[in-house]
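Try each task before reading its solution.

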Protein chains: 6
Amino acid sequence: MPAITVEGPPIPVDKKRRLVSGLWEVAKGVYDDIRPEAIVVLIKENEAENVGVGGELLADRRAKGAGQSGAGQKGG
Amino acid sequence: MPAITVEGPPIPVDKKRRLVSGLWEVAKGVYDDIRPEAIVVLIKENEAENVGVGGELLADRRAKGAGQSGAGQKGG
Amino acid sequence: MPAITVEGPPIPVDKKRRLVSGLWEVAKGVYDDIRPEAIVVLIKENEAENVGVGGELLADRRAKGAGQSGAGQKGG
Amino acid sequence: MPAITVEGPPIPVDKKRRLVSGLWEVAKGVYDDIRPEAIVVLIKENEAENVGVGGELLADRRAKGAGQSGAGQKGG
Amino acid sequence: MPAITVEGPPIPVDKKRRLVSGLWEVAKGVYDDIRPEAIVVLIKENEAENVGVGGELLADRRAKGAGQSGAGQKGG
Amino acid sequence: MPAITVEGPPIPVDKKRRLVSGLWEVAKGVYDDIRPEAIVVLIKENEAENVGVGGELLADRRAKGAGQSGAGQKGG
């Protein structure tokens, strides 16, 4: 401990590397009386079929092209 | 937030659709001062090999046919 | 199991009652091969000081009156 | 409830069996006013690519052979 | 990691001591290639007002004296 | 979503502010196709009595002055 859990969409390994490294830098600065080595990060990857936003599956929302307005997905 | 996480067995996508829609309807009625769009649902699917009930793996319990009495599994 | 965890703001007991009852109704309809009695709901109440939205504490966002536009908080 | 969640690396089914059985024995001794059948264990298996220790992915750490000193991995 | 989280009712400190010690013994036997010191246990105490079983708050169920039959509460 | 949950010891509000802001900066850089506003952070504060490290309550470990060597606590 501390343990940081990130629930997000699937991401490639290089983004995982940046995520883990970046979150750890922040956490060790804040929890500065704890051994940095003890800070653990868990990345949880959720398929769009297993996430609901605004009452809809993210998978359905994307299929409808409505993702950009409400699902937390940025438009192009 | 609010974030609703459901730990359950694997289910087909149409059940996920109903689950996400139904939970969201309930939650938006209760958290009525929060934007409904901000309510997120995460469905976590757990294999029977990764769930223990009453000290036994659900997978073992089912293999023994004991599921219907104690594992939260309804009889036929 | 299934276990439903709701991470949200503090709410009064009558809302907890409605939340638990409503989520359970939905879940027992979806997980219809599981004993309804085995469905558990956990309500987690998070103080605004312990929630970050868009990089800010919800407590700070509310103090600034910015809550209604972005924090998932509906305007009056 | 009680619900015990174990976040760890992937393990074979016989270890899951021992884990679930052992944790349940402990929990039913402690929560001795709760029906033992109501105690649930969830095993979550995390790939080394999804775990960060000390700011590094466990997968990278292992590839470098540094696992034994700091990642919670015992040396041979 | 591994990290073991226990969601249960409030318990006194001596039970927490037994819980943490017992769960750790089990976990270190199972995850035998991991440093035992790296195994962390988190105890989460949930008020009966924040737990729903069978669609009812545990607090309400207990007030009605129905706890012993269905809420995972053993009879006297 | 994404939702970042941090399980750690109690911290003052200014550290929460830094934690939320810092984690959010990292996460929005990694999840760069998601609206930054949709990234939520939850801070969970755990009393030393509710955390077990190496089979002991953190509270007991600290009382014994053993915290600095193994509990993830840095020496003074």
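A salt bridge here is a side-chain nitrogen of Lys or Arg within 4 Å of a carboxyl oxygen of Asp or Glu. Keep in mind that this is a predicted model.

**Exercise 1.** Find how many salt bridges cross the interface of chain B and chain A, and describe that interface.

*Solution.* Start with the rule above: applied to this interface, it finds 4 salt bridges. For one pair, look at B:R17 and A:D60, whose closest N and O atoms are 2.6 Å apart. Next, list who takes part: 15 residues come from chain B and 16 residues from chain A. Then turn to area: the two chains bury about 1,200 Å² between them, with 49% of it on carbon and sulfur atoms. On the chain B side, B:V20, B:E37 and B:L42 lose the most area to chain A, together 36% of what that side buries.

**Exercise 2.** Work out which rotation superposes chain F on chain A.

*Solution.* The rotation is 180°, with 0.0 Å of shift along its axis and an RMSD of 0.0 Å. The two copies are therefore related as by a two-fold rotation axis. Within chain F, F:T5 has the C-alpha nearest the axis, 2.6 Å from it.

**Exercise 3.** Determine how helix α1 of chain A and helix α1 of chain F are oriented.

*Solution.* Both helices span residues 13–30; their axes come within 9 Å and cross at roughly 170°. Angles over 145 degrees count as roughly antiparallel, so α1(A) is roughly antiparallel to α1(F). Residues making the contact include A:L19, A:L23, F:L19 and F:L23. By class, the contact has 10 nonpolar, 4 polar and 4 charged residues.

Technical notes: Residues are numbered from 1 along each chain as its sequence is written. Chains are lettered from A and ligands numbered from 1 in the order in which they are written. This is a predicted model: local features need pLDDT of at least 70, side-chain atom pairs count only at pLDDT 80 or more; totals for chains, interfaces and linings use all residues. Side-chain values use heavy atoms; hydrogens and water are left out. Copies are superposed by least squares on the C-alpha atoms of residues with pLDDT of at least 70 in both. Axes are lines fitted to C-alpha atoms, for helices over the stretch in contact, and angles run from 0 to 180 degrees between N-to-C directions. Helices (H or I, at least four residues) and strands (E, at least two) are DSSP runs, numbered from the N terminus. Angles under 35 degrees count as roughly parallel, over 145 as roughly antiparallel, 65 to 115 as roughly perpendicular and the rest as oblique. Contact means heavy atoms within 4.5 Å. Ala, Val, Leu, Ile, Met, Phe, Trp, Tyr, Cys and Pro count as nonpolar, Asp, Glu, Lys and Arg as charged, and the others, Gly among them, as polar. Buried area is the accessible area (1.4 Å probe) that two parts lose on being put together, summed over both.
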